[in-house]
Protein chains: 2
Amino acid sequence: MVQASDAGDDPSAGTLPSEFALIARYFAPLARRFPGAYGLRDDVAVIAPSPGAELVVKSDAVICGVHVLPDDPPDLVARKALRMNLSDLAAKGAAPRAYLLDLMLPRATTEEWIASFARGLAQDQAEFGVDLIGGDTDATPGPLTVAIMALGEVPAGRVLRRGGACAGDALFVTGTIGDAALGLAALRGAASGLDPASVAWLADRYRLPQPRVALGPRLIGVATAALDVSDGLVADLGHLCEASNLDAIVDGGRIPLSPAARAAIANDPARLTIALTGGDDYEIVFAAPPAACGTIAALAEATRTPVTEIGRLAAPQPGAPPAVTVRDSSGAPYAFSSTGWTHFGRGRG
Amino acid sequence: MVQASDAGDDPSAGTLPSEFALIARYFAPLARRFPGAYGLRDDVAVIAPSPGAELVVKSDAVICGVHVLPDDPPDLVARKALRMNLSDLAAKGAAPRAYLLDLMLPRATTEEWIASFARGLAQDQAEFGVDLIGGDTDATPGPLTVAIMALGEVPAGRVLRRGGACAGDALFVTGTIGDAALGLAALRGAASGLDPASVAWLADRYRLPQPRVALGPRLIGVATAALDVSDGLVADLGHLCEASNLDAIVDGGRIPLSPAARAAIANDPARLTIALTGGDDYEIVFAAPPAACGTIAALAEATRTPVTEIGRLAAPQPGAPPAVTVRDSSGAPYAFSSTGWTHFGRGRG
């Protein structure tokens, strides 16, 4: 297309090969397994759900300096951007299939950076069984921006929703909570009392989330409501409660914490708030009838996904909006200074 | 999610209402007709093609200062971003159904800007029969960025490709060529000899393309190859020739030009190169057997889409790569200083 700015999209102004060379070298190989991607040599991609299934779509963007750190390795930026979207698919019961990538590159981007970014995508494509099927590459005068649209599939009519849970359902969460938020805090200097190995471990959890792609689709027919923990456990449980019109009562002592997170919180109890409200966990929080506990334990075992029961849902107080209460070991509710990030970027997410 | 920057996504740092308020006020109404969008109150959207159809997906981003001008009205920015994607669907024979929107807003964005942007989307949703079904809103330290993923559908196996044309096929193009590129040139000051009405008309063609959504799906079974003209007629015909392994011989005198474009070129013949290689036309160029001319004329009439036959495809010269030749009235080939923009941003799309 014509360019609104002379400094616009002309690659000769930068240090990179032409767009066609970049696509052929780094992106077309990521599309070679998916017939409907046409090797990225046509204008669109074609995809159909399996018989009896529907497609589930999700898009989310990562902006350098906002969602990732400027010195984060490019392969991890790529993988985080992809995994954030795969996490949403998984929490909705969808098996991932494909994704489109809009990559907006600052002029100073090097070919080495792109090569590393593409290697990260290749690694996660192999790990999660997804393929690049389309997208767009632009030069931007702004920060690196990665917009990904992921497509997965669920049996028709069976997508897991935020609403649908029942009073009396038990609440479960995968993995451990708070690592990413504590990891980012440590990366930004709030690491007092933490040994380097713990800092590195928490930072890795921030940079490379583990979407629960193996478990998610197995929760169809088991979970009554589910979503991924991206805004923080308290806020995302709040979304489930609001959509299901129920209260959540969480046993704070049962919320799964990693050894590194435990050490961080032991050193500074105020970090518990960061852990439970900070977000970026990309774990699944879900509700299921108590009778499903055995099934869930078996699924956790079969998919090698840690799952912890953390509380119960109950009918809301008359006249009061649905609420999330986290109780300590004495039964007293924790008071949080924040219940999660309600900023641009998560509300439709 | 947790924010890598203190100045990151916190709306209280700006002048806008919370993300939830913005979504409820401006974006959820755009999703109300599509059941699988769940009113933008869940984490994903669900979509299935009609029986016997496949989904066609396309994503493309618009960056302020690169693809649109900083003072372009927000409703037109929204409509152009959507229409660029709908144009690709149309050229591939797909009927548009839905889209996802990743909207990255500079901190200075006002609520009035968002209201106008959403009005533009509403207007085009009504015009083209598409619905917003998901996406994401972020604050960015960079320029306004709009990433759209559009979903349409085609009868299974019938998507129109770049390849597939045959030697002897006639070449057709919709609408008029070159208006947008000349309009942008005029907006940037190269308007010598043009009356204000022509400048305004050409600028409008730059700001608000007309995707050929009515005609595109009717070309299935008629066109042997097709794509939209976004990089410039000569470059995009080159893509068709390369994929089909054919030469194109275009009668330059038959390329459809608007009265304003004719006036601009009459005033400065060098503008012909801008018109034929500038891009942003968002018309469809396609090939079809000469015997289909009558059918095509009837489809043009039925869909009120101007269609012009501009040339022929031929077997390529032995040993030479496929080539596009535009001949003047004497039969001599035009020499272009550029055959279109090969910049970041168009190669996969």
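Helices (H or I, at least four residues) and strands (E, at least two) are DSSP runs, numbered from the N terminus. This is a predicted model, in which local features need pLDDT of at least 70, side-chain atom pairs count only at pLDDT 80 or more, and totals for chains, interfaces and linings use all residues. Residues are numbered from 1 along each chain as its sequence is written, chains are lettered from A and ligands numbered from 1 in the order in which they are written, and side-chain values use heavy atoms, with hydrogens and water left out.

**Exercise 1**

Find where B:Ser258 lies, and decide whether B:Ser258 is buried or exposed.

*Solution*

Step 1. Locate the residue. B:Ser258 sits in the chain B loop between strand E8 (247-251) and helix H7 (259-267).

Step 2. Apply the cut-offs. Buried means under 20% relative accessible area, exposed over 50%, partly exposed in between (1.4 Å probe, protein chains only). B:Ser258 has 2% relative accessibility, so it counts as buried.

Step 3. List contacts (heavy atoms within 4.5 Å). Setting aside neighbours within four places in sequence, B:Ser258 touches B:Thr176, B:Asp179, B:Trp201 and B:Leu202.

Step 4. Check the side chain. One of its polar atoms lies 3.0 Å from the backbone nitrogen of B:Ala261.

**Exercise 2**

Describe how strand E9 of chain A is covered, and which strands pair with E9(A).

*Solution*

Step 1. Count buried residues. In E9(A), residues 284-288, five of five are buried.

Step 2. Find the partners. Two strands pair if DSSP finds at least two bridges between them. Strand E6 (residues 170-174) of chain A pairs antiparallel with E9(A) over four bridges. In that strand pair, A:Leu171 has A:Ala287 as its bridge partner. Strand E7 (residues 225-228) of chain A also runs antiparallel to E9(A), with four bridges. There, A:Asp228 is partnered by A:Ile284.

**Exercise 3**

Work out the strand order of the five-strand open sheet, and which strands stand at its edges.

*Solution*

Step 1. Read the order. It is E1(A)-E2(B)-E5(B)-E3(B)-E4(B), with mixed pairing.

Step 2. Find the edges. Strand E1 (45-47) of chain A and strand E4 (131-140) of chain B each have a single partner strand, so one side of each lacks a neighbour in the sheet.

Step 3. Note the twist. From one strand to the next, it averages 20 degrees.

Step 4. Take one pair. Strand E3 (residues 95-106) of chain B runs parallel to E4(B), joined by nine bridges. B:Ala98 stands opposite B:Asp131 in E4(B).

Notes
A polar contact is a pair of N or O atoms within 3.5 Å; within protein, one must be able to donate a hydrogen and the other to accept it, and residues adjacent in sequence count only if both atoms are side-chain atoms. Axes are lines fitted to C-alpha atoms, for helices over the stretch in contact, and angles run from 0 to 180 degrees between N-to-C directions.
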